[in-house]
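We will go stop by stop.

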Amino acid sequence: ILPGISGAFILLILGKYAYIIAALGRFDLPVILAFSLGALAGLVAFSRAVVWLLHHYHQATLLVIKGILIGSLWVIWPFQDRVYETVRGKQRLVSASPVWPEALDGTVLAGMAFAVAGFVLVLVIHRVSRLRPGAA
């Protein structure tokens, strides 16, 4: 419902991502059913809460949503310095810090092109929505 916050991210925060993926892999029906019902109930409740907040506190709610979106950019930035440590025989990510790319290579150019294309697409959709009669 909110950009920057996915169901997988919530599962990671709660420490249950691996558990749910394993349950899906072994087709553990009671776990899958409980998870599905909980996700559906949470989705319905959260969407109603967001609608209520938008209706009563429109500007503040939009600012919080924008803050979450901007804050998530720190995590999804593609160029990161990552530090790994070996824990119980497996490499584990312990920290990551966004950095500017060192060279202007194909990956950087493609990323910039997609960012510009996304920005232009948002502008086009906004312009088209304003051309429709009765649109805000």
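Start with the aromatic rings. Select W77, F79 and W100: ring pairs link them into a cluster. Keep in mind that this is a predicted model. The structure holds three aromatic pairs. One of them joins W77 and F79 edge-to-face, at 5.8 Å centre to centre and with 70 degrees between the planes. Next, look at W77 with W100. This pair is also edge-to-face. Its centres lie 5.6 Å apart, and the planes make 85 degrees.

W77 sits in the loop between α4 (58-76) and β1 (80-87). W100 sits in the loop between β2 (90-98) and α5. The two are 23 residues apart, so the pair links distant parts of the chain.

Is W100 buried or exposed? W100 has a relative accessible area of 72%, so it counts as exposed, the cut-off being over 50%. W77, at 30%, is partly exposed. F79, at 21%, is partly exposed too.

Move to helix α5 (residues 106-131), and pick V120 there. V120 is partly exposed, with 43% relative accessible area. Together with V120 they form a nonpolar surface patch of about 550 Å² accessible area.

Jump to helix α3 (residues 29-56) and select V44. V44 is partly exposed, at 39% relative accessibility. Draw a distance from its C-alpha atom to that of P30: 21 Å, across 14 residues of chain.

Last stop: K16 and Y19. The charged end of K16 sits over the Y19 ring, 5.4 Å from the ring centre.

Technical notes
Residues numbered from 1 in each chain as written. Predicted model: local features only at pLDDT ≥ 70, side-chain atom pairs only at ≥ 80, totals over all residues. Heavy atoms only, no water. Patch = residues over 30% accessible without salt bridge, like charges linked within 9 Å, V, L, I, M, F, W, Y side chains within 5 Å. Areas by Shrake-Rupley, 256 points an atom, 1.4 Å probe, with all protein chains shown as cover. Salt bridge = Lys/Arg side-chain N within 4 Å of Asp/Glu carboxyl O. Helix = DSSP H or I, 4+ residues; strand = E, 2+ residues; numbered from the N terminus. Buried < 20%, exposed > 50% of the residue type's maximum accessible area, 1.4 Å probe, protein only. Phe/Tyr/Trp six-rings, centres within 6.5 Å; stacked < 30°, edge-to-face > 60°. Lys NZ or Arg CZ within 6 Å of the ring centre and 35° of its normal.
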